[in-house]
Amino acid sequence: MLTTLAVAGYRSLRELIVPLGRLNVITGANGSGKSSVYRSLRLLAETARGGVITSLAREGGLPSTLWAGPERFSRAVLAGEFPVEGTRRKEPVSLRLGFAGDQFGYAIDLGLPAPERPPPPMPSKFLLDPIIKRECIWSGPVLRPSALLVDRHGPALRTRDEHGDWQTIPQPVASFDSMMTEFSDPRTAPEMVTVREQIRSWRFYDHFRTDAEAAARLPQIGTHTPVLANDGADLAAALQTIREIGDPAALDAAIDDAFPGSSLDVTTQDGRFEVVMQQHGLLRPLKGAELSDGTLRYLLLVAALLTPRPPELLVLNEPETSLHPDLLPALARLIARAAAHSQVLVVSHAARLIAALEREEASQSIVLEKHFGATRITDEDERDLPPWKWAAR
Ligand SMILES: Nc1ncnc2c1ncn2[C@@H]1O[C@H](COP(=O)(O)OP(=O)(O)OP(=O)(O)O)[C@@H](O)[C@H]1O
Ligand SMILES: [Mg+2]
């Protein structure tokens, strides 16, 4: 289980340390930084898949995703005596992401290439391409030199052997690749493989498509589907998989909880699976194409949350979208149920969903707010924030 998420220099997350529990609800006003927290977790996941630089590029590149405010606020600025614009950046560009868990911690620090003097014979044009400056894996909750297990400094990588002595890896790591994708020999760095597989198992769901052309509405070739796809295209197969090898009673209960008197079925024709719903008061069942957006989205969430193969971490971004508020308590019960098997993080601004989740055991709300343009946790001063240390460059 993750115990801490730490982000620095990413969008409005100037320096945010988030304590995590079993079931976490991230909430806050518009613009407070919820989506940035979601995206920073996704970036971490991309790192373990070798796609962090591409993902940053898709977001407009490092310069645009970096915290746009000053490195620190002087007392005069905080007191309102001095405008923020008067301060200049002095420190090198740095976007840092990390987490600590029960077993290991991981952190990455991205920056820009330093201008070389004298210039190399073949100057690079990738001047705005982020490079990985530092990457570490350590054991225990906080980074300490003695707890370091894998340590990357630019291209140089070293790992600890079974006697605790440092072994330098002879090949340099490419500036644009995470050490986790470049180097993953389980004999020399078992922790690296563990951390990489842990991160790769995180599962994210964000805004399912439910428009008329959405794949979830149409019959699809059905194969055993213990994990619903991100676009929900294999909804019918995923629901049927729950019925056959998962928890069919929970599936029926989830449908009845949201739509009393209705029942769900999956029809097959020539190997193609389709969702149909028998609704109270109708003479014939409704096909996927005929379901309302909210009904379809609820079914997608049911399939995602009742997965017979629960991930270590499940992250849901604004699952309330297009659901009627009356459905939110049923959704909260499903989420709480999923939290028995997975650590869950929900980003939401639906008051009813948040209130229902807050009533669940082991749930905690993290309310974000903006302070001088930077995201912070509302009761940060009173809350016991977990300790966190970044590695120096
Ligand atoms: N590079 C940056 N530096 C500082 N702040 C930024 C940067 N890029 C975006 N922001 C600001 O970060 C804030 C948080 O954005 P985010 O999208 O995370 O908010 P949100 O809580 O998801 O809001 P909403 O409820 O409207 O979706 C916004 O106010 C945005 O303007
Ligand atoms: Mg948002």
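Histidine 153 has alanine 156 of S8 as its bridge partner. This pair belongs to a predicted model, in which local features need pLDDT of at least 70, side-chain atom pairs count only at pLDDT 80 or more, and totals for chains, interfaces and linings use all residues. Residues are numbered from 1 along each chain as its sequence is written.

Around that bridge, S7 (residues 148-153) runs antiparallel to S8 (residues 156-160), with four bridges joining the two; strands count as paired if DSSP finds at least two bridges between them. Two residues sit between the strands of this hairpin, and glycine 154 takes a positive phi near 60°. S8 also pairs with S9 (residues 166-168), again in the antiparallel sense, over three bridges. Here threonine 159 has glutamine 167 of S9 as its bridge partner. The S8-S9 hairpin leaves five residues between its strands, and glycine 164 in the turn has a positive phi of about 85°.

Zooming out, the chain holds eleven helices and 18 strands, taken as DSSP runs (H or I, at least four residues, for helices; E, at least two, for strands) and numbered from the N terminus. The C-alpha trace spans about 80 × 55 × 40 Å along its principal axes.

As for burial, 51% of the 393 residues are buried, meaning under 20% relative accessible area with a 1.4 Å probe, protein chains only.

How values were computed: Chains are lettered from A and ligands numbered from 1 in the order in which they are written. Side-chain values use heavy atoms; hydrogens and water are left out. Buried means under 20% relative accessible area, exposed over 50%, partly exposed in between (1.4 Å probe, protein chains only).
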